[in-house]
Amino acid sequence: MVLTGQERELGLRSVVVDISGFAVTRDPSEVLITYSLGSCLGFTLFDPVAGVAGMVHCMLPFSKIDQDKALEKPGMFVDTGVPTLLEAAFRLGAEKKRLVLKAAGCGAPLDDKGLFRIGERNYMVLKKLLWKNDLLLSAEDVGGKTSRTVKVYASNGDVIIRSGGKETPLI
């Protein structure tokens, strides 16, 4: 999912959030995009008053399997990536009480026998983190076997999911 011609004409610019990466912005011309969410978690946030948008693409649930990697790339793990994204958003002026939080991915596209359940575990760690911090998801598109691409518009916080050749808003 790249920017459309109309989006480029409007002056919008894409910022790709790679696997294990995260981004926050207050630039309304930016669109944060992450690709190929299978078992990975794509987590977005938006503060409509501060105009802060953010996204993280987490691969695995727990950083305890490689603490050095977690320090180097906190977005790799849900338990370090989500707090890192939130802290970065707060530094740009976002406030916890105004956050609109959305999640996508956490599927099982390659785990037919349910042996690893990485997507399910990623989702459970996210829910536990949010619960402990008195935060709620406003929308989610999780589970299943299909891969997802996620786009969040920094101008208004709209999140679009592309899966199975269709784009749908995550409301």
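Visitor: How do α3 and α4 sit relative to each other, parallel or oblique?
Guide: Oblique. In this predicted model, α3 (residues 78-91) and α4 pack at about 45 degrees, with axes 9 Å apart. Angles under 35 degrees count as roughly parallel, over 145 as roughly antiparallel, 65 to 115 as roughly perpendicular, and the rest as oblique. Axes are lines fitted to C-alpha atoms, for helices over the stretch in contact, and angles run from 0 to 180 degrees between N-to-C directions. Helices (H or I, at least four residues) and strands (E, at least two) are DSSP runs, numbered from the N terminus.

Visitor: Which residues meet there?
Guide: Val-78, Asp-79, Val-82 and Pro-83 of α3 meet Asn-122, Val-125, Leu-126 and Leu-129 of α4. Contact means heavy atoms within 4.5 Å.

Visitor: New topic. What is the strand order in the sheet?
Guide: The order is β2-β5-β4-β6-β7, in an open sheet of 5 strands with mixed pairing. Strands pair if DSSP finds at least two bridges between them. The edges are β2 (22-25) and β7 (137-142). Twist averages 10 degrees from one strand to the next.

Visitor: How many bridges join β2 to β5?
Guide: There are 4, and the two strands run antiparallel. In one of the pairs, Thr-25 is partnered by Ala-53 of β5.

Visitor: Where does α4 lie?
Guide: Helix α4 (residues 118-132) lies across β4, β5, β6 and β7, at about 175 degrees to β7.

Notes: Residues are numbered from 1 along each chain as its sequence is written. This is a predicted model: local features need pLDDT of at least 70, side-chain atom pairs count only at pLDDT 80 or more; totals for chains, interfaces and linings use all residues. Side-chain values use heavy atoms; hydrogens and water are left out.
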